Amino acid sequence: MKKVAFYTLGCKLNFSETSTISRQFENRGFQKVEFSDTPDVFIINTCSVTENADKKCKKIVKEAQKINPDGFVAIIGCYAQLKPKEISEIEGVDAVLGAAEKFRLLDLLPTFQKSDEAQVLASEIKEARAFNNAYSVNDRTRTFLKVQDGCNYHCAFCTIPLARGKSRSDSIANIIKSAEEIAATDTKEVVLTGVNIGDFGIQEGKRVEKFVDLVKAIDQVNGIDRIRISSIEPNLLTNEIIEYTLTSNRFVPHFHIPLQSGSNKILRKMRRRYLRELYEDRVSKIKNIIPDSCIGVDVIVGFPGETEEDFLDTYNFLNELNISYLHVFTYSERANTAAPDMEGTVPMKERNRRSKMLRILSEKKKRQFYESQLGSTRTVLFEDDVQDGMMHGFTENYVRVAAKYDPLLINELKTVQLTHINDNGVVEVEEPEMVFETH
Ligand code: SF4
């Protein structure tokens, strides 16, 4: 039996796709192993957003070569689509497959040979029109279910449309089938994943379905305890979606909503499709329905033209906003995007300073949110994540929780009381045996 190992960089979408490709290999008789188990085939699923994507890719290839010099090394993912030639020149790479080809890797493998020159199969991104469904199972306590791919927006900083192509989606009927398969496993939580999820519903270039209808349909699938939306653009997060998810039994009160800048001037330059007033309105709408909802925010610092005043606009806006944490990104120039040609490049040192300020603000926001939750009773999904005798998990509203390790709790949903924040910034819970509900 041939052995195959995977390494995934980047987002939840990549994890769901690696998982599906690995199942294809297992169904064809491959044994899925760890990198260190001397696999015959190494598959590296890359990301173009990750800082130093090229360096990381090189490092992993080198590691693979060290483990098995005769192993076959294939590179897929966003970076493979954007820079196929550059990757093919990395020593030790045997094949590079683009967005339109990656799901055919298993079929193509027998046609590849190990030689001095890597095989490159990366068509132009406009060829990536098919939707390949994917979900991760058993890799984690939660499953990432891919419902949408690609993006038709043209944000000035973003390479994702170039790496993943146009917006396209699975049909609701197919997604429900996948959700039922997932429900039949022991998976407790499903994370709906995509590039621009709110834009769900385009099939073969035509809008035929709506995200809110997917939300309503998947909410009816028995056997799934929790459903989370990975991230949704504020302009696509409608009142109907907010109201439905916050009153459903299965959707959790947690939204991750990219903001990117709190300055309207910068939002316009970024070609985002909303202004800060709309964002504020979305946050109030959510918080008015469920005040304990968790709201996460993506924000970019150092975009061209961002003056100190613009940055402070963002800082003060976020400081005032009732949100729970930030994901801070330091702007970095990407080839073939509009931003690098804009005036007002922000020096890297300044970008880093702004990033640090927002990271500190994020810690403050998170702490405030966690403090507001102390004393409340929540449901925790415990993960297989044990450190120093403690295990971890998340509440429905995304509070990271620690409890004394008990192997029986792994992948279990338990009701706990949140007691205090420990030195690691994680919320500890009452002695589980004392407060857990019996099932
Ligand atoms: S919405 Fe903007 S940032 Fe998000 S994937 Fe599309 S182009 Fe990129």
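The buried residues of helix α11 pack against α9 (239–247), β15 (254–260), α10 (264–270), β16 (294–301) and α12 (308–320). This is a predicted model, in which local features need pLDDT of at least 70 and side-chain atom pairs count only at pLDDT 80 or more, while totals for chains, interfaces and linings use all residues. Residues are numbered from 1 along each chain as its sequence is written.

**Overall form**

The protein chain comes to 14 helices and 22 strands, where helices (H or I, at least four residues) and strands (E, at least two) are DSSP runs numbered from the N terminus. For 439 residues a compact globule would have a radius of gyration near 22 Å, and the protein chain, with 22 Å, agrees with this; the radius is taken over C-alpha atoms, and the globule rule is 2.2 Å times the number of residues to the power 0.38. Taken along the principal axes, the C-alpha atoms fill a box of roughly 60 × 60 × 45 Å. Of the 439 residues, 45% count as buried, a residue being buried if 20 or more other C-beta atoms lie within 10 Å of its own, exposed if 12 or fewer, and partly exposed in between, with C-beta atoms placed from the backbone. Among contacts between residues at least 6 apart in sequence, 72% join residues at least 24 apart, two residues being in contact if their C-beta atoms, placed from the backbone, lie within 7 Å.

| Helix | Residues | Span, first to last C-alpha | Expected span at 1.5 Å a residue |
|---|---|---|---|
| α11 | 14 residues | 20 Å | 20 Å |
| α12 | 13 residues | 18 Å | 18 Å |

The expected span is 1.5 Å times one less than the number of residues in the helix. In α11 the buried residues are Arg276, Tyr279, Arg282, Val283 and Ile286. They cover an arc of only 120 degrees around the axis, which puts them on the same side of α11; the arc is that of the directions from the helix axis to the C-beta atoms. The face of α11 turned away from this buried side carries the exposed residues Glu277, Ser284 and Asn288.

In α12, Asp310, Phe311, Thr314 and Leu318 are the buried residues. Their arc around the axis is only 105 degrees, so they lie on the same side of α12, whereas Glu308, Glu309, Asn316 and Glu320 are exposed on the other side. The buried residues of α12 pack against α10, β16, β17 (325–330) and α13 (348–373).

**Individual residues**

Gln260, found in strand β15, has a positive phi of about 75 degrees although it is not a glycine, and it counts as buried because it has 24 C-beta neighbours inside 10 Å. Tyr398, in the loop between β19 (390–395) and β20, likewise is a residue other than glycine with a positive phi, near 65 degrees; Tyr398 is buried, with 21 other C-beta atoms within 10 Å.

Tyr405 lies in the loop between β20 (400–404) and β21 (413–421) and is partly exposed, with 16 other C-beta atoms within 10 Å. Leaving aside neighbours within four places in sequence, Tyr405 is in contact with Val386, Gly389, Met390 and Met391.

**Ligand surroundings**

The residues around the ligand are Cys151, Tyr153, Cys155, Cys158, Ile160, Pro161, Val195, Asn196 and Glu233, a residue being near a molecule if its C-beta atom, placed from the backbone, lies within 6 Å of it. By class, this shell has seven nonpolar, one polar and one charged residues, with Ala, Val, Leu, Ile, Met, Phe, Trp, Tyr, Cys and Pro counted as nonpolar, Asp, Glu, Lys and Arg as charged, and the others, Gly among them, as polar.
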